[in-house]
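Trainee: Could we go through this model together? I have not worked with it before.

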Amino acid sequence: MSDPIQLHLLQPGQQATITRINGASALRRRFVEMGIVKGETILIERHAPLGDPVEYFIKGYHLALRKEEAAQIEVSLLAGRNG
Amino acid sequence: MTITTAPTEVFRLDYGSKLEREIARLVACFEENNFDPGRYPRRWLAIKLLEADPDILARVQSMPNGAQVIAIARLSAEKLKSLLGDDVDLLTADHRYGYINGVVRQTLQRPLLDRLTLTDRIDNIVTHKWLGLPFFFLVMYLVFRLVIDVSAPFLDWTDAVINGPLAGWLTFILGLLPAPAWIHSLVIDGIVAGVGGVLVFVPGLLILYFFLALLEDSGYMSRAAFVMDRFMRVVGLHGKSFIPMILGFGCAVPAVYATRTIASRRDRTLTALLVPLMSCSARLPVYVVFGLAFFGSRAGTVIWAMYALGIVVAMLAGMVFTRTILKPDVSSAFVLELPPYRQPALKSVLIHMWENTREFVRKAGTTILAAAVVMWLLLNLPWGVANQRDSYFGKVSGAIAPVFAPLGFDNWETGGALVSGFMAKEIVVSTLSQVYLGGEEAQAIEPTTFGEDLLGIGQGFAEATFSSGKILLSIIPGINLMDATAEAEDTALSLALRKQFTPLSALALLVFVLLYVPCVATLGAIRHEFGRSWAITSGLYQTLLAWVAALMVYQVGRLLGFG
């Protein structure tokens, strides 16, 4: 396990485990509804053509988040394909 | 026959001893406080209260003794947070997902192959770093052309049927009845015109909803939002706002309805407030007539500038709204699933198309019809007026004309044209030509039999389908905004206009027409979707904006020595 890092700082191809979710309670509730919970593995897929939002792969489906919101999610990097 | 039900075990997820203790305590509290949970299961309600679910809190608050129960639940939740270090809603979610993961592990085997699905391969192109944006613009261009061009022949056909055979039949029926002249006029000039005003939108809406449903059901809509979000965010909008904005160049009415694909209410509302600033096709005839009359060979540049100005003003207005009455809230958070691509089911697309159009006719339609009748009253009262100028319409126009003096066009004719432009912006031109060139030539309707009428309607529809098909095939070349409309037929009108306007005041008028109050159909759509107060906001802010912008054009222009 590496040090916690904010999700939006990761690069496409990297994989990480969610360790903590910050932010306003309505936003966290939204995250939870979408399956973004502690312990879940998340894969960074690609940036949109203009750099933001970012597409992730979690729980077997594809999800887009703005960097602003992804910054509320703390993860620890897994030794992945590029990581 | 007896139905035997297997004894079902009530499923109950174990949330762990600490949470379970508080849930049980809260359930017991319900009775101690004489709180009747009504139709809600007790355990479920206790969990929702501990999670502080906003909807449930609001409901319980209004139930007898609800406030007490909420206060107890809040204390419990705080205790749990200090014990377990997290909010209850996150704790319960952890338990639920933990359980789900367990079930999935026991029952589902995922293929081990890590190969690209079809969706992945499509996304590699559609959301590609370089190809993503061009692909998006290509899709938008096609949808725009299809909605505007393919519906045009049907639009003309609808118009022809209403004003031709339908008006003819009604005239005939009214002739048989001992109806006074004013009823005759109300039915033909008020109601038929109003119904026509509603129905001309129907072909375009049907086609629009067809394509929107196609984009949505196939899964591309979320990719479009993904690709465009960064760009739209500059203005305070959502990635999905782009489609309504593009459609606004065709007609603001379907564009306002297209905001339905946006999830957050705040984003929907802001989009609908900005959509009417996109220069719709009804404004084009006004630009063309004034452009050709005053700017000659530079008319194209002036028209282009109007489109550009609309976009710039929309961006500025978006930034202002985002910082004032429509601040971003959590519901605007961009948490968007990119679902696998699917082949849309024709039936669901058709249902979507039909239901949305029907709703437009029912809801926005009543507003348009009412406005048409009011307009008819203004034009015809006091009863028996011979000259438009003496009607209430003329008086209203004359009364508001001085408001336009600082903008460079202080006459009742222009005031009247702008008032009638509220019905539909293209009417500005027809009103001006009517008052300057004196009434349209009375249309001689050749007497036809009922059978001939029906035949004509059928033939017209077939022709519309045929030309629509032709347009469909010829869609590949570029947009030509100027075709057909730019004929030099209005020389008489041009001469009359040149007596009333200078090029500078004409420009100020164009800016005013671009920005001022959306037409009644658009306001009807906004009211239908967002309520009366947003419709009023929309009308007021745009009119004010238009007045200020036209004032700046005219006065700055004069300072610079034009006009």
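**Loops and the contact between the chains**

Trainee: Where does Pro53(A) lie?

Mentor: Pro53(A) is in the loop between β3 and β4 of chain A; helices (H or I, at least four residues) and strands (E, at least two) are DSSP runs numbered from the N terminus. This is a predicted model, in which local features need pLDDT of at least 70 and side-chain atom pairs count only at pLDDT 80 or more, while totals for chains, interfaces and linings use all residues. Residues are numbered from 1 along each chain as its sequence is written, chains are lettered from A and ligands numbered from 1 in the order in which they are written, and side-chain values use heavy atoms, with hydrogens and water left out.

Trainee: What kind of peptide bond joins Asp52(A) and Pro53(A)?

Mentor: A cis peptide bond, with omega at about -5°.

Trainee: And is Asp52(A) buried or exposed?

Mentor: Asp52(A) counts as buried because its relative accessibility is 7%. Buried means under 20% relative accessible area, exposed over 50%, and partly exposed in between (1.4 Å probe, protein chains only).

Trainee: Which side chain does Asp52(A) meet in a salt bridge?

Mentor: That of Arg233(B), at 2.7 Å from N to O. The pair crosses between chains, from the loop between β3 and β4 of chain A to helix α10 of chain B. A salt bridge here is a side-chain nitrogen of Lys or Arg within 4 Å of a carboxyl oxygen of Asp or Glu.

Trainee: Why would such side chains pair at all?

Mentor: Side chains of opposite charge can pair when their charged atoms come close.

Trainee: Back to helix α10 of chain B. What is Asp229(B) doing there?

Mentor: Asp229(B) is found in that helix, residues 220-233, and it counts as buried because its relative accessibility is 0%. Its contacts (heavy atoms within 4.5 Å), not counting residues up to four places away in sequence, are Pro53(A), Arg66(A), Leu237(B), His238(B), Gly239(B) and Phe334(B). With Gly239(B), a polar atom of the Asp229(B) side chain lies 3.0 Å from the backbone nitrogen.

Trainee: How do the side chains of Arg66(A) and Asp229(B) meet?

Mentor: They form a salt bridge, 2.6 Å from N to O. Arg66(A) lies in the loop between β5 and α2 of chain A and Asp229(B) in helix α10 of chain B, so the pair joins two chains. Both residues are buried.

Trainee: Which residues do salt bridges that share partners join into one network?

Mentor: Asp52(A), Arg66(A), Glu68(A), Asp229(B) and Arg233(B).

Trainee: How many salt bridges are there between chain A and chain B?

Mentor: Six, and the count over all chains is 19. One of those between the chains pairs Arg28(A) with Asp87(B), at 2.3 Å from N to O.

Trainee: How many residues does the contact take from each chain?

Mentor: It takes 33 residues from chain A and 38 residues from chain B. The area buried between the two is about 3,100 Å², of which carbon and sulfur atoms give 54%; buried area is the accessible area (1.4 Å probe) that two parts lose on being put together, summed over both. In chain A, Arg29(A), Pro49(A) and Arg66(A) lose the most area to chain B, together 22% of what that side buries.

Trainee: What is the secondary structure of chain B?

Mentor: Chain B has 24 helices and one strand. Its C-alpha trace spans about 90 × 70 × 60 Å along its principal axes, and buried residues make up 46% of its 563 residues.

Trainee: New topic: what is the phi of Lys59(A)?

Mentor: Phi is near 50°, a positive value in a residue other than glycine. Lys59(A) lies in the loop between β4 and β5 of chain A, and it counts as partly exposed because its relative accessibility is 27%.

Trainee: What about Asn65(B)?

Mentor: Asn65(B), also not a glycine, has a positive phi near 65°. It is found in the loop between α3 (54-61) and α4 (66-84) of chain B, and is partly exposed, with a relative accessible area of 29%.

Technical notes
A polar contact is a pair of N or O atoms within 3.5 Å; within protein, one must be able to donate a hydrogen and the other to accept it, and residues adjacent in sequence count only if both atoms are side-chain atoms.
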